[in-house]
Amino acid sequence: MAHGHHQHGHTQEKGAHHTHPDWVDMLPQLERNAEVYTPLYTQALDWLRVSRPAGTRLIVDAGSGPGAVARQLAAAFPEARVVAADPEEALLARAAERAEEAGLSDRLSTLRVELPDQSAQLPTADLIWAARSLHHVGDQRAAIAALADRLAPGGTLALVEGGLPWRCLPRDFGLGRPGLQARADALEEQWFAEMRAELPGAKEDTEDWAALLTDAGLTGATSRTFLLDLPAPLDDDARAFVIELWKRRADTFPGSMAADDAEVLARLVDPDDPRSLYRRDDVFLLAAHTVHMAVRA
Ligand SMILES: C[S@@+](CC[C@H](N)C(=O)[O-])C[C@H]1O[C@@H](n2cnc3c(N)ncnc32)[C@H](O)[C@@H]1O
């Protein structure tokens with residue numbers, strides 16, 4: 001426990017800056033993330049499309065970021081208009097630019113909205129998609145209720161939250177003590193809890209997403225988990241994405257890690273190290289995201 005307290009103290013020292021993600025800074029990574037995860041989102045959106053009756057005319061992507069998944073939503077629902085909504089102007093500008101490049105600007109627009117306070121500005125939608133955005137809102141219950149209110153009768157609210165920690169190397173990858181990935185996951189859990197605790201209006205709520213959807217007056221809550229299974233060897237984009245994830249860990253965690261783990265982490269992200277993530281043949285990407293959906297009667 002002493003070790004745990006030390007970690008807590010370390011991350012607290014850096015305060016809000018440490019846990020508040022700089023979304024604009026992360027724009028390239030958010031875009032790469034959505035591209036790399038395309039096979040997973042394709043399956044998830046197929047599931048949504050099959051579950052939706054005909055007549056999905058308006059879709060809101062709540063917390064869209066730079067809009068890569070909003071474009072996938074536009075492709076999956078060719079009859080629908082898509083509104084990419086996010087508090088970050090710079091991300092929305094990128095979403096608009098990419099929509100134009102893709103010839104989608106007549107069907108994909110952007111709207112600056114911060115949940116839950118500005119949710120009344122959202123149009124009434126047949127489908128609201130909120131992927132990995134709700135956990136950045138202090139009061140998740142209020143945000144879900146606010147989004148449920150913006151649904152047309154028969155409309156669907158779909159949340160992407162939870163799943164499994166990703167893996168990219170074997171448990172024993174020949175450097176340091178086996179199990180580094182699980183130990184890094186534990187640090188991320190701690191970072192996540194601190195990030196949530198520091199959000200404005202932070203409220204603790206059990207993360208039973210189906211129950212939260214039901215409490216918001218929606219019916220038929222169901223959850224399904226979709227796999228991203230990119231075997232080794234990774235293509236350049238997926239490898240760059242994995243390296244970025246570990247670089248972020250290398251920037252955030254070394255002071256909280258055992259010295260030998262911190263050393264291995266530094267080697268993994270050193271392009272000159274022959275056993276780094278840049279040069280290894282055994283890097284893969286295995287991840288699972290859960291989609292929770294429910295319908296307004
Ligand atoms: C991890 S990114 C996910 C982006 C995108 N949905 C995706 O799956 O690629 C989280 C997004 O939530 C947005 N966000 C953070 N706080 C928010 C809030 N209060 N209301 C709406 N969106 C928010 C951020 O600006 C960021 O674009």
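Which polar backbone atom is 2.9 Å from a nitrogen atom of the ligand? The atom belongs to L115. This is a predicted model, in which local features need pLDDT of at least 70, side-chain atom pairs count only at pLDDT 80 or more, and totals for chains, interfaces and linings use all residues. Residues are numbered from 1 along each chain as its sequence is written, and side-chain values use heavy atoms, with hydrogens and water left out.

Two further polar contacts (pairs of N or O atoms within 3.5 Å) involve oxygen atoms of the ligand: a polar side-chain atom of D86 lies at 2.7 Å, and a polar backbone atom of G65 at 3.4 Å. The protein buries 95% of the 600 Å² that the ligand exposes when taken alone (Shrake-Rupley method, 1.4 Å probe). Around the ligand are 18 residues, counted if a heavy atom lies within 4 Å of it; G63, D86, L115, A131 and R132 come nearest.

L115 is also joined to P116 by a cis peptide bond, with omega about -5 degrees. P116 sits in the loop between β3 (108–112) and β4 (125–131); strands here are DSSP runs of E with at least two residues, and helices are runs of H or I with at least four, numbered from the N terminus. Most peptide bonds are trans, and most residues other than glycine have a negative phi.

R132 is not a glycine, yet has a positive phi of about 55 degrees. R132 belongs to the loop between β4 and α6 (140–149). R132 counts as partly exposed because its relative accessibility is 30% (buried is under 20%, exposed over 50%, partly exposed in between; 1.4 Å probe, protein chains only).

Technical notes
A polar contact is a pair of N or O atoms within 3.5 Å; within protein, one must be able to donate a hydrogen and the other to accept it, and residues adjacent in sequence count only if both atoms are side-chain atoms.
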